[in-house]
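Please keep the sequence and the coordinates in view while reading.

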Amino acid sequence: MAMEFREKDLDLQNIIADEVNKYLKRDLGTMSATKRAPQELIDKYEKMSVPQKGRDIYEIMNELDNEILEYIHRNNHPRSFSFIPGPGSRLSWLGDILTTANNIHASNFKNATLPISIERNLINYFAEKLGYKIKPAGGVFVSGGSMANLTAVVTARDEKIATKELYKGTVYISDQVHHSLSKAFHIAGIPKENVRRIPVDREFKMNVDELSAVIKKDIEADMKPVMVVGTAGTTNTGTVDDIEGITAVCEAHDLWLHIDGAYGLSHLLSTKGRDLFPGIEHADSVSWDAHKLLFQTYSCAMVIVKDKQHLLNSFSEQAEYLDDIQSDDDVIDPEMIGMELTRPARAVKLWITLQVLGEEQFRERIDYGQHLAEYTEECVEEMENWQVISRPSLSILSFKYVQPNLNETENNKILSNAAGRMASSGYAVTYTTELNGQKVIRMCTINPETTKEDITGTLARLDEFVKDELESL
Ligand SMILES: Cc1ncc(COP(=O)(O)O)c(C=O)c1O
């Protein structure tokens with residue numbers, strides 16, 4: 001006889017249904033965009049022991065509702081403008097519930113046939129958007145942009161340099177590249193001192209002439225250039241590197257070209273589409289996050305390569321305990337082209353969202369994000385002593401406050417304090433970043449539920465906080 005599990009006595013059917021209903025009905029805009037937990041709660045949960053006998057589930061639900069899930073940064077809040085927000089669609093939650101409820105093990109085609117068919121279908125769909133040929137292109141869903149970048153870096157390394165020469169391997173990034181690339185190079189065994197940071201031009205694009213010169217110098221010094229990483233939508237300013245120019249340099253020296261398009265590449269689905277990314281079809285690999293601008297909950301991203309054989313070369317391994325489920329034909333099991341064996345069926349939720357909303361609504365949502373960034377720019381330009389520093393690009397812009405009587409350090413401090421006060425108020429999240437040594441507010445307006453009133457309300461408060469700070473100087 002099977003063991004009687006205590007779970008059976010719990011009213012999970014109602015508890016789960018009630019929770020889902022509550023979440024579907026709530027209006028995020030009326031809640032705090034971010035809330036820091038007080039120290040006594042941090043102490044409570046850090047010190048809480050695991051009970052010998054389980055506690056009452058309602059007591060635990062109460063702790064979850066009123067404490068644990070109350071004090072978080074809500075990245076899908078309509079006034080959460082910092083980092084790259086994650087405006088996860090409720091359709092994506094539905095996918096999460098279904099894939100989690102079935103606990104799908106999406107490693108091998110034979111175990112999760114149709115979820116993996118869906119994954120292959122979507123990889124092909126996005127590969128076509130990139131201008132890749134469906135055969136031999138391929139790819140795999142991964143947990144996020146960092147993991148997509150790591151997968152691409154390992155693949156490029158294996159393709160372009162022998163292990164015994166790795167100590168001479170050099171890689172090229174701009175100084176605006178996402179920091180996950182530095183981690184990826186480290187994990188892939190590229191020595192830190194061999195990572196070349198190419199300066200950017202006034203538009204924050206990698207300087208291609210400089211790139212070419214640095215590579216030539218490395219070759220003369222008997223180093224072994226491996227890859228260049230360009231960005232299609234930098235985290236700071238939404239800049240798209242000169243992919244055509246970088247491609248020419250890569251072709252001249254037989255280097256791998258990886259394009260990190262974690263959030264930016266979703267603009268391929270916008271009205272402007274491929275015109276925003278000339279030359280993207282030349283990239284050997286790209287990173288593309290669905291949990292940013294394809295409106296998915298975490299964690300859902302893709303690494304797509306022009307030739308899937310390269311992923312297979314790097315990641316396929318034999319294991320006798322998988323013999324019975326390993327595919328032996330054209331169908332390649334996801335576990336053979338990526339790092340994970342046990343993995344959720346991440347594509348299913350994106351498929352649900354795309355099927356229900358259709359490409360047209362994705363296009364409208366993504367266009368709307370860029371429109372909101374342009375609207376924000378117009379408003380900032382009207383505000384006294386505020387300056388736009390990077391113009392709206394792929395739904396991101398940055399701006400700063402400059403009080404002419406103060407020096408740069410004082411202006412920077414005022415801006416940081418204003419950003420801190422905005423977060424503490426809970427109304428919006430508008431953190432700073434740094435561009436050319438100066439603090440700027442960066443707003444990424446990719447949430448389709450953000451209204452123009454959200455933008456004007458946020459800017460008015462920023463202005464108020466700055467003025468308060470000035471008075472207290
Ligand atoms: C350009 C870029 N690449 C990579 C990443 C990392 O993605 P993730 O946080 O999903 O690992 C980000 C995150 O914002 C990003 O903006």
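**From a buried serine to the domains**

S327 is buried, its relative accessible area being 13%; buried means under 20% relative accessible area, exposed means over 50%, and partly exposed lies in between (1.4 Å probe, protein chains only). The model is predicted, so that local features need pLDDT of at least 70 and side-chain atom pairs count only at pLDDT 80 or more, whereas totals for chains, interfaces and linings use all residues. Residues are numbered from 1 along each chain as its sequence is written, and side-chain values use heavy atoms, with hydrogens and water left out.

S327 lies in the loop between α11 (309-315) and α12. Helices (H or I, at least four residues) and strands (E, at least two) are DSSP runs, numbered from the N terminus. Apart from its neighbours within four places in sequence, S327 is in contact with F109 and D333, where contact means heavy atoms within 4.5 Å. With D333, the side chain of S327 makes a polar contact of 2.7 Å. A polar contact is a pair of N or O atoms within 3.5 Å; within protein, one must be able to donate a hydrogen and the other to accept it, and residues adjacent in sequence count only if both atoms are side-chain atoms.

Charged pairs come next. A salt bridge is a side-chain nitrogen of Lys or Arg within 4 Å of a carboxyl oxygen of Asp or Glu, and by this rule there are 26 salt bridges. In one of them, K292 pairs with D289, with 2.4 Å between the closest N and O atoms; both K292 and D289 are buried. Another salt bridge joins the side chains of K439 and E434 at 3.7 Å, N to O. Here K439 is partly exposed because its relative accessible area is 24%, and E434, with 43%, is likewise partly exposed.

R421 is partly exposed because its relative accessible area is 30%, whereas E469 counts as buried because its relative accessibility is 13%.

Helix α14 covers residues 452-471. The expected span of a helix is 1.5 Å times one less than its number of residues, so the 20 residues of α14 should span 28 Å; the end C-alpha atoms are 29 Å apart, which agrees. Besides E469, the buried residues of α14 include D454, I455, G457, L462 and F465. Among the elements that cover the buried residues of α14 are α12 (347-382), β8 (386-393), β9 (396-401), α13 (408-425) and β11 (438-444).

At the level of the whole protein, the domain assignment gives domain 1 (38-72), domain 2 (105-343) and domain 3 (365-471); such bounds come from an automatic or database domain assignment. The centres of domain 2 and domain 3, taken over C-alpha atoms, are 32 Å apart. Their contact takes 23 residues from domain 2 and 15 residues from domain 3. Between them, domain 2 and domain 3 bury about 1,500 Å², 65% of it on carbon and sulfur atoms; buried area is the accessible area (1.4 Å probe) that two parts lose on being put together, summed over both. Which polar links cross this interface? The rule finds zero salt bridges between domain 2 and domain 3, but six residue pairs in polar contact, both residues at pLDDT 80 or more.
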